[in-house]
Amino acid sequence: MRIYSRTLSPMALAVSVLYASTSPASAQAGDPAAQCSALNSVTLPAGTITLPTSGAKVTSAIFMVSSDLGNQQGEFCKVLGETSPVDPQAPKILWQVNLPSSWNGKLLQYGGGGYNGSIPPTTEKITLGLDVVQTPLAQGYVTFGSDSGHQAPNADDASFGKNDEAMLNYGYMHIRKTLDVAKALVEKRYARPIKRVYYQGGSTGGREGLTAASRWPDVYDGILTNYPTANFVGLRLWGAGLARAVYDDKSAGWIPPKLVETIAKDAIASCDALDGAKDGLISDASGCRKQSATLVEKLSCRAGETGNPENCLTKAQIDRTLKIYHGGYTLSYQLANGIDSYPGYNSLEGILMQLGSEPQIRNPPVSGPNAHHSSRSFEFLQNFVVRDQSLDLLSFDIRDPGKFKDRIVELSGVIGATQTDWSAFANKGGKIIWLQGTDDPSVSPYGNAKLYEAIVAKMGREKAAEFVRFYLVPGLAHGGGRFSPTWDNLTALDNWVENSVPPINPIVMDATKSDTRGRTRPLCEYPSWPKYTGKGDMSQASSFTCARD
């Protein structure tokens with residue numbers, strides 16, 4: 001036996017003892033370490049996996065014991081492996097499956113982020129989960145995830161998209177391929193049936209969860225989706241449109257950081273008390289939107305002013321950048337599922353617009369110095385759409401993409417989760433808990449709200465309520481923000497699936513690293529929002545009610 005020690009964050013599963021692999025000859029029923037070691041020799045033929053591959057294999061299976069959890073609840077087999085592509089030029093899918101010694105019969109798949117490229121932290125807590133609740137692995141879930149079918153140094157790199165198989169893996173195929181691998185390993189390890197299969201994630205991981213349930217409604221039982229990039233292609237087109245608005249005509253639309261901060265601070269000061277509580281959060285976002293024109297007028301450059309970037313907004317900044325950031329865009333053609341628009345963001349309701357620190361666009365754009373969305377959009381258009389041709393982002397017209405229109409429309413059906421008919425998933429008892437933040441600068445809260453409304457319109461409010469709960473959370477950004485809601489969301493999902501008990505008046509706790517950490521709020525079903533009752537501690541959810549006006 002060899003002993004290792006390392007320090008992990010409280011969110012991680014602290015693993016301190018690593019047992020050397022046992023020889024296959026010593027493997028016997030009831031010996032978790034031996035059963036784990038026996039998986040080292042496992043290969044899975046292509047027929048094991050629903051979608052096309054060249055098979056999969058385990059590259060390592062290591063028996064792990066946690067130092068801070070008792071008995072078998074702290075034991076698991078960490079299995080790493082790879083799934084080979086059909087195209088020899090495509091990268092492999094790398095994955096991790098964690099098999100607890102004390103299994104509860106359920107599987108939980110972890111989603112990734114951005115353009116992926118690395119395996120998500122499958123031994124840690126889930127997106128927006130509570131720190132004080134045991135990790136899913138410690139609760140007995142088999143947890144697993146993959147790098148989505150390519151390896152990259154960061155989640156901004158989309159160069160893999162030039163390969164068709166890698167692109168399709170990222171779009172949706174890796175989800176089912178990795179699930180099939182996990183199911184095969186579960187069958188070999190436990191030799192008993194799987195009760196439930198869940199998916200959880202945020203951003204790209206949130207999109208993946210919706211994709212999993214929409215493409216394979218007979219396989220997945222429940223989804224935790226947080227701020228999902230559901231309209232993936234619509235978002236990438238928005239980034240290209242923003243780039244033109246900001247950087248055309250020698251960056252006439254660029255708004256410098258100090259003025260961006262002023263806009264956000266003035267909006268908060270103007271709208272904070274609309275919900276009855278002056279607490280740094282704008283809960284009544286729709287009420288605040290009604291005041292946005294007044295805010296713009298207040299910050300506009302007056303006659304004789306030259307548009308000092310530290311003090312006032314020029315006409316170009318208003319007509320170009322604020323117009324698309326706040327109002328979004330409309331196309332003359334349709335993406336998948338009839339979508340022809342992308343709503344804007346709460347850029348005049350308190351969020352900090354991500355317009356970059358430099359007025360000039362780099363080639364290619366770099367997130368941080370340049371607008372965040374311009375970088376992600378360039379990666380998409382260059383590698384998924386234009387591919388081997390050179391791309392000038394400032395010559396690309398999202399409303400008239402010319403010869404690339406058909407490719408863009410095609411991709412919107414490959415990468416995205418914008419369907420509105422969820423009958424198959426709902427009828428088999430599947431459930432979705434969906435959170436989106438009003439302060440999100442990366443995914444339009446109104447885009448996801450509009451998609452939810454389309455689902456309700458298609459299926460009817462009563463039918464939709466049987467399987468989905470959508471919450472628009474004030475202060476939540478793209479993770480973090482001025483209010484980062486955490487709650488026991490996996491238990492809520494599991495209880496709904498297993499016992500037909502939907503989330504009832506859930507309470508969320510703020511996990512921001514700030515003076516407001518620990519305050520609570522009710523989680524209000526859209527379109528309602530938390531309104532202060534006028535009495536009681538503003539840090540307590542009991543002092544708020546869910547209101548619609």
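Me: A polar contact is a pair of N or O atoms within 3.5 Å, where one atom must be able to donate a hydrogen and the other to accept it. In this predicted model, what makes the pairing of the side chains of Thr122 and Gln96 a polar contact?

Reply: The side chains of Thr122 and Gln96 are 3.5 Å apart at this contact. The limit is within 3.5 Å, so this value qualifies. Thr122 itself is found in the loop between β7 (106–110) and α2 (136–139).

Me: Why is Thr122 called buried?

Reply: Its relative accessible area is 2%, and buried means under 20%; Thr122 is therefore buried. Beyond residues up to four places away in sequence, Thr122 touches Gln96, Asn98, Tyr110, Thr143, Phe144 and Gly145.

Me: How do you know that Ser148 counts as buried?

Reply: The relative accessibility of Ser148 is 0%. The cut-off for buried is under 20%, so Ser148 belongs in that class. Ser148 is found in the loop between β8 (142–146) and α3 (164–190). Not counting residues up to four places away in sequence, the residues that Ser148 touches include Tyr115, Gly117, Asn169, Tyr170 and His174.

Me: What makes the pairing of Ser148 and Asn116 a polar contact?

Reply: The side chains of Ser148 and Asn116 are joined at 3.3 Å. As the limit is within 3.5 Å, the pairing is therefore a polar contact.

Me: Why is Tyr329 called buried, and where is its place?

Reply: A relative accessible area of 4% is set against the cut-off of under 20%, so Tyr329 is buried. Its place is in strand β11 (residues 329–330). A polar atom of the Tyr329 side chain lies 2.7 Å from the backbone oxygen of Gly234. Leaving aside residues up to four places away in sequence, Tyr329 also touches others, among them Leu237, Trp238, Tyr342, Ile398 and Arg399.

Me: How do you know that Tyr329 and Asp340 touch?

Reply: Contact means heavy atoms within 4.5 Å, and Asp340 is one of the residues that Tyr329 touches.

Me: Why are the buried residues of α11 said to be on the same side of the helix?

Reply: The buried residues of α11 (residues 405–414) are Arg407, Ile408, Leu411, Ser412 and Val414. They cover an arc of only 160 degrees around the axis, and this puts them on the same side of α11. Their cover includes α3, α4 (204–215), α5 (232–251) and α10 (372–386).

Me: How do you know whether the chain's radius of gyration agrees with that of a compact globule?

Reply: For 549 residues, a compact globule would have a radius of gyration near 24 Å; the protein chain has 24 Å, so the two agree. Buried residues make up 58% of the chain.

Me: How much confidence does the predictor assign?

Reply: The chain averages a pLDDT of 92, and 92% of the residues score at least 70. Over residues 1–28 the pLDDT is below 50, and this stretch has 54 contacts in the model beyond near neighbours in sequence. Residues 68–72 are also below 50, with eight such contacts.

Key: Residues numbered from 1 in each chain as written. Predicted model: local features only at pLDDT ≥ 70, side-chain atom pairs only at ≥ 80, totals over all residues. Heavy atoms only, no water. Helix = DSSP H or I, 4+ residues; strand = E, 2+ residues; numbered from the N terminus. Buried < 20%, exposed > 50% of the residue type's maximum accessible area, 1.4 Å probe, protein only. Arc of directions from axis to C-beta. pLDDT = per-residue confidence, 0-100. Rg over C-alpha atoms; globule rule 2.2 N^0.38 Å.
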